[in-house]
Amino acid sequence: MLYIGGWLDLSKGPQILHVPDMAGRYFSVQFTDPSKSTNFAYVGKRTTGTEAGDYVLSGPGWKGTVPNGMTQISSLTDSALVIGRVFVESDSDLPTAYALAKQIQLAPLKQ
């Protein structure tokens, strides 16, 4: 299993999470409210499937428009802990899994 972690600051506006087509591979991106240590959203094989997708991560009070083809994930606070996981089947699978993990990206929503 490859792990990806980070801290998300939504105080300056929403972020776009992009996940690539995982072609059936197990992966997950978990969002946790650090003030309550509770998970508030998941993107991944068990919840959204393994096709490519884009998600708007917004903080409280955001009143913008979600672009077509994207799904909104709302956070109760302006910060979130992000934990990603990508399954690695074997040593020979590591380069493929790593290449997929690098494609899981966050970028500011351009409005």
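Leaving aside its neighbours within four places in sequence, with which residues is glutamate 51 in contact? In this predicted model, the contacts of glutamate 51 are Val19, Pro20 and Asp21. Glutamate 51 belongs to the loop between β4 and β5, and its relative accessible area of 63% makes it an exposed residue. The C-alpha atom of glutamate 51 is separated by 6.2 Å from that of methionine 22, although the two residues are 29 places apart along the chain.

The loop between β2 and β3 holds two further residues of interest, alanine 23 and arginine 25. Alanine 23 counts as exposed, at 72% relative accessibility. Its phi is near 50°, a positive value in a residue other than glycine. Serine 37, in the loop between β3 and β4, also has a positive phi, of about 55°, although it is not a glycine. Serine 37 is exposed as well, with a relative accessible area of 63%. As background, most residues other than glycine have a negative phi.

Arginine 25, by contrast, is buried, because its relative accessible area of 15% is under the 20% limit. Beyond its neighbours within four places in sequence, arginine 25 is in contact with Lys45, Thr50, Val86, Phe87, Val88, Asp93, Thr96, Ala97 and Leu100. One of these partners, aspartate 93, meets arginine 25 through its side chain in a salt bridge, with an N to O distance of 2.7 Å. A search of the whole structure finds one salt bridge.

The interior can be approached through its nonpolar residues. In soluble globular proteins, nonpolar side chains tend to be buried together. Here the largest nonpolar core has 22 residues, of which Leu17, Val29, Phe31 and Val43 touch the most other members. Two or more residues of this core come from each of β1, β2 (15–19), β3 (27–33), β4 (38–44), β5 (53–58), β7 and α1. Phenylalanine 31 shows how such contacts reach across the chain: not counting residues up to four places away in sequence, it touches Leu8, Leu17, Thr38, Asn39, Phe40, Ala41, Val43, Leu57, Ile73, Leu81 and Val82.

Some nonpolar residues are found at the surface. Met1, Tyr3 and Phe87 form a nonpolar patch there, with about 330 Å² of accessible area together. Phenylalanine 87 lies in the loop between β7 and α1, and it is partly exposed, with a relative accessible area of 35%.

Conventions:
Residues are numbered from 1 along each chain as its sequence is written. This is a predicted model: local features need pLDDT of at least 70, side-chain atom pairs count only at pLDDT 80 or more; totals for chains, interfaces and linings use all residues. Side-chain values use heavy atoms; hydrogens and water are left out. Patches are made of residues with over 30% relative accessible area and no salt bridge: like charges are joined within 9 Å, nonpolar side chains (Val, Leu, Ile, Met, Phe, Trp, Tyr) within 5 Å. Accessible areas come from the Shrake-Rupley method with a 1.4 Å probe; for residues, only the protein chains shown count as cover. A salt bridge is a side-chain nitrogen of Lys or Arg within 4 Å of a carboxyl oxygen of Asp or Glu. Helices (H or I, at least four residues) and strands (E, at least two) are DSSP runs, numbered from the N terminus. Buried means under 20% relative accessible area, exposed over 50%, partly exposed in between (1.4 Å probe, protein chains only). A nonpolar core is a set of buried Ala, Val, Leu, Ile, Met, Phe, Trp, Tyr and Cys residues joined through side-chain atoms within 4.5 Å. Contact means heavy atoms within 4.5 Å.
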